[in-house]
Amino acid sequence: MIIFDKIAELDAFLEEKRKLKVTIGFVPTMGALHAGHLSLINYSKMACGITVCSIFVNPNQFNNQEDLKKYPRTPKEDILMLEKANCDVLFMPEVNGIYPEKVFETYNFGELENILEGKYRPGHFNGVAQVVSRLFTIVKPDKAYFGSKDYQQVLIVKALVQKLNFNIDIISCPILREPDGLAMSSRNVLLSVEERRLASLIPIWMKEAIKILKRNGIAMAKTYISQEISQHASIQLEYFEVCRADNLMPLDEVSNSTKGIALIALYVGKIRLIDNFIVE
Ligand code: AMP
């Protein structure tokens with residue numbers, strides 16, 4: 001694996017590949033890698049001639065400075081994992097490399113940026129769009145791989161690609177889970193043993209809520225989630241919503257004609273976790 005921290009050097013390397021018509025696959029990450037990230041690398045390797053992973057903890061997408069400060073950083077372990085996964089290129093830019101000028105564009109994604117994650121993390125998606133547009137301009141991939149754990153982010157990135165006319169296929173990949181069902185996340189390592197035990201209840205509650213909403217409607221499912229969570233003083237619910245899977249607009253009821261998705265965000269202690277399940 002070749003590691004670059006300078007944009008010009010990465011660009012020169014990739015330009016040679018482009019001339020040879022090698023398909024470039026790209027997996028942007030914030031590091032603290034786990035098997036979920038590596039699954040994206042694998043999807044890219046299966047479809048592309050060369051796979052580029054980036055590790056960059058993007059300060060602009062953190063609306064909470066405390067969250068940014070405690071975000072896990074494990075570069076040595078990340079490099080070993082990527083080498084083992086046969087990733088071809090790792091790009092680890094400095095903040096000054098990505099944001100040389102302190103000029104930040106503002107995007108308008110309409111309602112999509114104001115709901116769910118956008119509502120609870122103001123400015124988050126604007127920060128995501130700023131870094132993704134820069135990384136896409138630098139790497140110029142043919143395909144970019146994102147996890148559907150960050151479901152709303154995938155829709156935002158697809159909208160960004162349309163807005164800025166990038167010729168890049170955005171590929172949404174399934175959520176990888178721990179054996180007990182908890183969605184893999186870089187933040188899971190920040191949980192205490194007791195918090196980790198509580199976090200394993202999230203997928204159990206979600207599956208039960210989906211059964212309830214199919215039988216008794218969405219309002220009952222919401223009541224069920226609030227009641228379960230209220231029994232644990234260290235868990236704070238931010239949202240549990242059931243939305244259209246194609247545009248995340250809230251659903252009043254599920255129907256056979258519209259694919260739905262149930263999404264949750266909550267704090268376990270001080271750690272914010274998100275998850276989602278498609279409503280079949
Ligand atoms: P992050 O490092 O958290 O910014 O994540 C980088 C990419 O990995 C994003 O596209 C995430 O959606 C994806 N990702 C994170 N967790 C998982 C997971 N459990 N399964 C699949 N993809 C994931």
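Before starting, I wrote down my cut-off: a polar contact is a pair of N or O atoms within 3.5 Å. I also noted that the model is predicted.

Entry 1: Which side chains reach an oxygen atom of the ligand? I found a polar side-chain atom of His37 at 3.0 Å from a ligand oxygen. For Asp150, I read 2.6 Å between a polar side-chain atom and an oxygen of the ligand. I then turned to the backbone, where a polar atom of Met30 lies 2.9 Å from a ligand oxygen. Next I looked up the cover: of the 480 Å² of accessible area that the ligand has on its own, the protein covers 93%.

**Entry 2: the site.** Where does the ligand sit? I located it in the largest cavity. I counted 16 residues around the ligand, and the closest are Met30, Gly147, Asp150, Leu176 and Met184. By type, the shell splits into nine nonpolar residues, five polar ones and two charged ones.

**Entry 3: who builds the shell.** I traced at least two shell residues each to strand 2 (24–29), helix 2 (35–47) and strand 5 (143–147). Helix 2 gives the largest share, with three residues.

**Entry 4: the whole protein.** I stepped back and noted 11 helices and nine strands. The radius of gyration is 19 Å, close to the 19 Å from the globule rule for 280 residues, so I put the protein down as being as compact as a globular protein of that length. Along the principal axes, the C-alpha atoms fill a box of roughly 60 × 40 × 40 Å.

Terms used. Residues are numbered from 1 along each chain as its sequence is written. This is a predicted model: local features need pLDDT of at least 70, side-chain atom pairs count only at pLDDT 80 or more; totals for chains, interfaces and linings use all residues. Side-chain values use heavy atoms; hydrogens and water are left out. A residue is near a molecule or strand if one of its heavy atoms lies within 4 Å of it. A polar contact is a pair of N or O atoms within 3.5 Å; within protein, one must be able to donate a hydrogen and the other to accept it, and residues adjacent in sequence count only if both atoms are side-chain atoms. Accessible areas come from the Shrake-Rupley method with a 1.4 Å probe; for residues, only the protein chains shown count as cover. On a 1 Å grid over the protein atoms alone, a cavity is a set of points where a 1.4 Å probe fits but cannot get out, and a pocket is an open set with protein on both sides within 12 Å along at least five of seven lines; lining residues have an atom within 4 Å of a point. A molecule sits in a cavity or pocket if more than half of its atoms lie within 2 Å of its grid points. Helices (H or I, at least four residues) and strands (E, at least two) are DSSP runs, numbered from the N terminus. Ala, Val, Leu, Ile, Met, Phe, Trp, Tyr, Cys and Pro count as nonpolar, Asp, Glu, Lys and Arg as charged, and the others, Gly among them, as polar. The radius of gyration is taken over C-alpha atoms; the globule rule is 2.2 Å times the number of residues to the power 0.38.
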